[in-house]
Amino acid sequence: MKPFALALEVTSAVLGACREFLGEEGFVELLPVILAPVTDPLRTTPDRAIISAYGQNWYLTRSMIFHKQAAVRVCPKIFSFSPNVRLEPQERGSTGRHLFEFVQLDLEVREATRDVLMDLGERLLIHVLEEVRRDFGRELAARGRELLTYPRPFPRISWHEAKKEFGENFEEALSERSSIPVWIVDFPIDQREFYDREDPDRPGILVDMDLLYPQGYGEALSGGEREYQPGRIRARIMRQGLDPEDYAGFLRLAEEGLPPSAGFGIGIERLVRFILGLAHVGEVRLFPRIPGAAVSL
Ligand code: AMP
Ligand code: MG
């Protein structure tokens with residue numbers, strides 16, 4: 001099989017395996033939202049893609065975070081294969097991990113804790129790897145790639161411990177040195193966006209997590225418990241120097257009542273890149289959008 005055909009077939013198998021797993025867990029698939037009056041603030045990626053229509057601005061969604069929090073009012077477990085446009089700085093084109101258009105499996109669970117989501121994330125990843133190994137194991141082996149079954153639970157390290165042990169570039173170092181997936185938990189409040197929930201028992205620490213792939217493939221997913229009380233959301237928006245007016249619609253929803261929830265988003269291209277051991281995440285897409293790279297179609 002041509003390398004590209006393999007990437008496309010594995011991507012298709014990954015989507016199928018995710019759907020199958022989440023279906024059995026009682027999740028409902030939500031059609032993705034692509035245009036919205038408000039989207040994820042993502043302070044480390046300041047440029048936003050906007051179109052103007054019907055007398056207002058529409059953001060191309062950078063994640064479905066607010067829509068997920070609203071959707072769990074209706075169904076307790078939801079997911080979406082959500083196309084995201086993030087205008088990543090051009091220098092991120094060479095990290096091997098960044099596209100400016102990608103798809104994440106974005107999911108959310110009403111009344112759930114971080115631990116429940118970490119357990120779900122581990123089982124989801126293992127299920128996907130097993131399915132791909134069953135159908136493509138020989139082709140992968142011929143390319144020198146072996147998919148392992150990792151023991152659970154995956155190890156966890158706090159953001160502060162990781163930084164102390166591995167220095168400023170702890171994420172890279174941890175992913176490179178590890179032969180199994182690793183969780184980073186408990187990010188400091190100013191490292192993340194306003195929607196990750198602050199631990200009521202540990203002010204300044206969030207109840208959130210990232211999962212890192214082994215062998216230097218870097219971040220797999222990010223998630224956490226969510227702020228859902230309007231007063232807390234407003235305070236966090238202000239703390240980050242953002243304007244509550246920009247989030248007025250979401251705040252109104254919170255005032256009507258949002259349930260507590262937790263969730264995560266896992267990048268599909270990064271997952272397939274890891275499975276195939278590819279140098280760049282763009283090799284997963286037939287029409288990749290790599291910051292700074294020329295495109296013909
Ligand atoms: P975030 O909530 O920003 O961590 O995004 C969720 C997941 O989407 C990340 O853990 C990655 O797997 C994936 N992701 C984020 N940004 C990009 C990007 N620019 N290109 C490809 N995948 C991405
Ligand atoms: Mg992240």
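A molecule is said to sit in a pocket if more than half of its atoms lie within 2 Å of the pocket's grid points. The legends below use the term in this sense and describe a predicted model.

**Figure 1. Ligand 1 in the largest pocket.** Ligand 1 sits in the largest pocket of the predicted model. Two elements besides strand 10 (218–225) give two or more residues to the shell around the ligand, namely strand 6 (101–110) and strand 11 (261–267). Strand 10 gives the most to this shell, with 4 residues.

**Figure 2. The residues around ligand 1.** A shell of 14 residues surrounds ligand 1, and the closest of them are R86, E88, E219, A220 and S222. Sorted by class, the shell holds 5 charged, 5 polar and 4 nonpolar residues.

**Figure 3. Polar contacts of ligand 1.** The view shows contacts to oxygen and nitrogen atoms of the ligand. From E219, a polar side-chain atom lies 2.5 Å from an oxygen atom of ligand 1. At A220, the atom concerned is a backbone N or O atom, which lies 2.8 Å from an oxygen atom of ligand 1. R97 also places a backbone N or O atom by the ligand, 3.4 Å from a nitrogen atom of ligand 1. On its own, ligand 1 has 480 Å² of accessible area, of which the protein covers 89%.

**Figure 4. The lining of the largest pocket.** The volume of the largest pocket is about 1500 Å³. Its lining comprises 49 residues, and those nearest the pocket centre are T44, R192, D210, E219 and S222. Helices that give two or more residues to this lining are helix 2 (65–71), helix 4 (159–166), helix 5 (170–177) and helix 8 (268–276); strands that do so are strand 6, strand 10 and strand 11. Strand 10 provides the largest share, 6 residues. By class, the lining has 21 charged, 15 polar and 13 nonpolar residues.

Figure 5. E219 and S222 are among the residues closest to ligand 1. Both are also among the lining residues that lie nearest the centre of the largest pocket.

Terms used: Residues are numbered from 1 along each chain as its sequence is written. Chains are lettered from A and ligands numbered from 1 in the order in which they are written. This is a predicted model: local features need pLDDT of at least 70, side-chain atom pairs count only at pLDDT 80 or more; totals for chains, interfaces and linings use all residues. Side-chain values use heavy atoms; hydrogens and water are left out. A residue is near a molecule or strand if one of its heavy atoms lies within 4 Å of it. A polar contact is a pair of N or O atoms within 3.5 Å; within protein, one must be able to donate a hydrogen and the other to accept it, and residues adjacent in sequence count only if both atoms are side-chain atoms. Accessible areas come from the Shrake-Rupley method with a 1.4 Å probe; for residues, only the protein chains shown count as cover. On a 1 Å grid over the protein atoms alone, a cavity is a set of points where a 1.4 Å probe fits but cannot get out, and a pocket is an open set with protein on both sides within 12 Å along at least five of seven lines; lining residues have an atom within 4 Å of a point. Ala, Val, Leu, Ile, Met, Phe, Trp, Tyr, Cys and Pro count as nonpolar, Asp, Glu, Lys and Arg as charged, and the others, Gly among them, as polar. Grid points are joined across faces, edges and corners, and a volume is the space filled by probe spheres set on the points.
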